[in-house]
Amino acid sequence: MTKIAIIGGGIGGLATAYRIHEQLVVTGKSAKITIYDASDRFGGVIASSMRDGFTLEHGPDSIIRTKPAGLQLIKDLGLEEQLQPTQEHARSSLIAKGRKLIPVPDGLYLLAPAKIWPFITSPIISPLGKLRMALDLILPRRSWEADEESLADFVRRRLGREALERIAQPMISGIYTADPEQLSLRATMPQFIEMEKQHRSLILGMRHRAREQAVASARGPRYGLFTTLVGGLGTLTDRLVERLRTAGCEFLANTRVEKIVKAESGGYNLTLSEEYRHFDHVVVALPAHAAAKIVKPLDQVLSYKLATIPYAGVATINVALRADQIPNLPTAAGFVVPAVEGRTLIACTFGHHKYAGRAPEGHALLRGFVGGALHEAVLERSDEDIVDGVLRDLRDLLGLQGKPLFTTVHRWPKAMAQFVIGHTDGVAVIRGRERNFPGFAMVSNAFEGVGIPDLAAQAEAAADRITGNNRQLPGSINDAATRAETA
Ligand SMILES: Cc1cc2nc3c(=O)[nH]c(=O)nc-3n(C[C@H](O)[C@H](O)[C@H](O)COP(=O)(O)OP(=O)(O)OC[C@H]3O[C@@H](n4cnc5c(N)ncnc54)[C@H](O)[C@@H]3O)c2cc1C
């Protein structure tokens, strides 16, 4: 019987195994699928738990609706009825400034405003900073034949330093936990490049876009585009594991794959700690740094390219409270904190506002984020120290009173891929090298996108490669329309 190994039991690996199994069923072929994970559980960074009536997300909490592969996977797994939208009254966000939380001005979309008046009246940017932003209306466009530009250089050039520090950096940090000085605009938000090409001014481009797409009502992240599952996103990975076990897949936890070698007889040998096993097909579904180590004997260039993709670590801190401990909590989904504020928190979600049923009646659930490319040193601190820093910020910014009912800290070292300058070209090389190996496929949050739907789309393509089905990967990295929706 054909043997298929999936290395990595996060959403990338599980979704690929599921799509392969599905195609085998359709074509009437049979194969033995084995899924390896170095940790003691499956799901990777996706994990949810219940405690005292609170639904806790340890890693991701939302799926964007506009990238079809994520929702399609949920539907195919029979989980459509468990989908839960963001609560309508909380579809806005705030930005920290000093000890205040200021609403994101109406019509602001990531970097630039689509509506002028709410922006002029907002205290988020100083009067001088606003004047500098207005220069965008007359500044000439850049020749986009020139070198790639970082997100920071782009925002500074068009809108000025204050717009970068007070708006773009914290907003982008909420998505990529990245350093904007390194982040590739082309790989992450090419819609803004298109805007400059077409409209010269970002503000004019945003106004045009607002008219076309009615995004003017958006306030910061468009929360209406996000969804989750009842019980948390762990429901998704749990269902995948359940379906795959029922289908006869072999799950090997606590089993680190150390290297992949091409077998002389065809196929691949996987080296495990004390043995090696032969497979006809192999899927590597790992963060790029982990993939780099195991593919080294297969292809040095591939390994090198993977190793050059940087990652940042983050931690999430759930804070369970009685509602009366934060009596003045704004009606929003949460807030972001500019790095210039020098706080422990980089962002915080009001979990019970964002999704219904996350906290028992009369209670509140906050979820803080720390770390990321600009604050990684925070992760060297002890859990107690991190929680102290987060609670200090919550006291300052939300007026938190007393001690929380409980807190949890979940650390995700080297989990967030950083799409730095040159990323698009690097991924093109990686995909080119991958094609040299028959029966071999790679899935990673370091390639076409970091989100769950991006991995679900890659899983479809990887399954096609393994089973010989010839569909195209939906949403390639250069597909501006798809990237626009990520943002
Ligand atoms: C805190 C946080 C919040 C996020 N929020 C969102 C969100 O709201 N929405 C969204 O769409 N995305 C979000 N993301 C991004 C998204 O969740 C991840 O990019 C995605 O889940 C990664 O899945 P993966 O399968 O590629 O990798 P992982 O989940 O990292 O899984 C890889 C697995 O491989 C295993 N492994 C590693 N090395 C080996 C080896 N040598 N042999 C065998 N096994 C190995 C690991 O143990 C791990 O289980 C978030 C990420 C984090 C960390």
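Which helices and strands each supply at least two residues of the shell around the ligand? Select α1, α11 (288-295), β17 (311-322), β21 (406-417) and α16 (452-467), and you have them on screen. Helices (H or I, at least four residues) and strands (E, at least two) are DSSP runs, numbered from the N terminus.

Before moving on, a word about the model. It is predicted: local features need pLDDT of at least 70 and side-chain atom pairs count only at pLDDT 80 or more, while totals for chains, interfaces and linings use all residues. Residue numbers start from 1 along each chain as its sequence is written.

**Stop 1: the ligand**

Keep the ligand in view and pick G10, G12, G44, P60 and G451, which come nearest among the 37 residues around it. A residue counts as near if its C-beta atom, placed from the backbone, lies within 6 Å. Colour the shell by class and you will find 21 nonpolar, 13 polar and 3 charged residues. Here Ala, Val, Leu, Ile, Met, Phe, Trp, Tyr, Cys and Pro are nonpolar, Asp, Glu, Lys and Arg are charged, and the others, Gly among them, are polar.

**Stop 2: the domains**

Now colour domain 1 (2-40 + 253-309 + 420-486), domain 2 (48-90 + 311-417) and domain 3 (105-218); these bounds come from an automatic or database domain assignment. Domain 1 and domain 2 each give the ligand shell at least three residues. Next, look from domain 2 to domain 3: their C-alpha centres lie 26 Å apart. Across this pair, 14 residues of domain 2 are in contact with 11 residues of domain 3, contact being C-beta atoms, placed from the backbone, within 7 Å. The domain 2 side of that meeting has 12 nonpolar, 2 polar and no charged residues.

**Stop 3: α2 against α16**

Select helix α2 (residues 68-76) together with α16. Their axes, lines fitted to C-alpha atoms over the stretch in contact, come within 7 Å and cross at roughly 75°. Angles run from 0 to 180 degrees between N-to-C directions. α2 is therefore roughly perpendicular to α16, a label for 65 to 115 degrees. Show A69, G70 and L73 of α2, facing I452, P453, A456, A457 and E460 of α16.

**Stop 4: α1 against α10**

What do I11, L14, A15, A17, Y18 and H21 of α1 meet in α10? Show T237, L240, V241, R243 and L244 for the partners.

Terms used: Two residues are in contact if their C-beta atoms, placed from the backbone, lie within 7 Å. Angles under 35 degrees count as roughly parallel, over 145 as roughly antiparallel, 65 to 115 as roughly perpendicular and the rest as oblique.
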